[in-house]
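Colleague: I'm new to this, and I'd like to learn how to read a structure feature by feature. Could you take me through one?

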Amino acid sequence: MTLALVASAFALAAWLCVLVAPYQPHRVRERLEADADGSDDDLGTVTAIVPARNEAELIGRTIAALAQQGRGLAVVVVDDQSSDDTRGAAERALGALKGDALKGDGLIFAENKSVPFSVPFLTLRVVDGRPLPDGWAGKLWALEQGLAVADRPHVLLLDADIELAPRTIPALLAKLRERDATLVSLMAELKCETFWERLLSPAFVFFFKLLYPFARSNDAAKATAAAAGGCMLVRTDVLRQIGGFAAIRGALIDDCTLAAALKRQRPPIWLGLTHSVRSLRAYPTLGDFWSMVARSAFTQLRYSSWLLLLATALMIVTLLVPVAGIVVGAALADWRLALTAGAAWLAIAAAYWPVVSFYRLPSAWAAALPLAGALFLAMTWSSAIGYWRGTRARWKARDYGRSAG
């Protein structure tokens, strides 16, 4: 029992360190929300690039939300070799907006001959993506093709499954100007409706924040750099200075890799949480979430078996030992072990609670982090096993072998 007591004490100390760390990685202080009551904004400096591969089901909602951001936004959808009707869905979405504009509010439709479709709010251009070259990740290749036709000072890199609340882009622009930043990014609010989403979505955000404390990433003097790939506003000139997306062409964790390159070139960058950027992607089953995490989990550990073993040991000691310690301590009437393990579990819940609250879940969900952590650990091992078998990652019906990138 001495070993269990020592491990429980270590877990308690580790979580207390998280709670008192200067940069407070568990907190949700870095926030940015859209101002829905603001005036009509001119977005003539922004091109939104939307890489889309087999997104016919969701792309319409993404485009409809872009039309509510302000005036003059340019949108480039890169149809990345889709096997569904992604292009048609994007064009139909603009057609619906055009019809609404012609029918009401006295808005005048003006055709822009340089792009296929336009409405008073935005212009849309759909680019047919070319085949994926060797050494490129699919999303980055699509973004590179979008960047080639972008000619404005700012580019918004937006996933095709992201829905923005009205006037989110003006809020991003204001933050970028306020901070004189190169990159401003918002982590999308993940769906949190099914049991598995409630168990894993907030935990995914929490572990990301522990790996990349937002306050450190937002500090120009610190090397830490992170971004959320679903929604990133970038200065076009700095992006081109680093060589565009070709500079990170093979990266699977593309958002943080891009953030690091941009921060080295011209700090600062800024990353925050929001309810104004919502992911439309559902992960109703454990398998759905597993596939999403396992595609890059071992990449996060730089494909290192030693880091995998270290991460495994830390996860077991800091998350699972406290739960086991309570059970074993109570069963053997070893109250010193039970109380120490219980205090560690309370510290876990206290650290996790701000993210649970952000996701509007009952406080009791904060106690579920050990279970979520065990599942994420299993997903990481699944990712490692796939790598050892020769597949670095699989996503959107593309396999990235160990020699890719």
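Modeller: Rings of Phe, Tyr and Trp (its six-membered ring) pair if their centres lie within 6.5 Å; planes under 30 degrees apart count as stacked, over 60 as edge-to-face, and the rest as tilted. Here W15, F204, F206, F207, Y283, F289, Y352 and F376 form one aromatic cluster. Before we go on: this is a predicted model, where local features need pLDDT of at least 70 and side-chain atom pairs count only at pLDDT 80 or more, while totals for chains, interfaces and linings use all residues. Residues are numbered from 1 along each chain as its sequence is written, and side-chain values use heavy atoms, with hydrogens and water left out.

Colleague: How many aromatic pairs does the structure hold?

Modeller: There are 19 aromatic pairs. Take F195 and W196: their ring centres are 5.0 Å apart and their planes sit at 75°, so this pair is edge-to-face. F208 and Y212 make a tilted pair, with 5.1 Å centre to centre and 40° between the planes.

Colleague: Which of those residues are buried, and what does that word mean?

Modeller: Buried means under 20% relative accessible area, exposed means over 50%, and partly exposed is in between (1.4 Å probe, protein chains only). F208 and Y212 are both buried. F195 is partly exposed at 44%, and W196 is partly exposed at 27%.

Colleague: What about a charge over a ring?

Modeller: That counts if NZ of Lys or CZ of Arg is within 6 Å of the ring centre and within 35 degrees of the ring normal. K175 lies over the face of W270, 4.7 Å from the ring centre. K209 does likewise with F214, at 4.0 Å.
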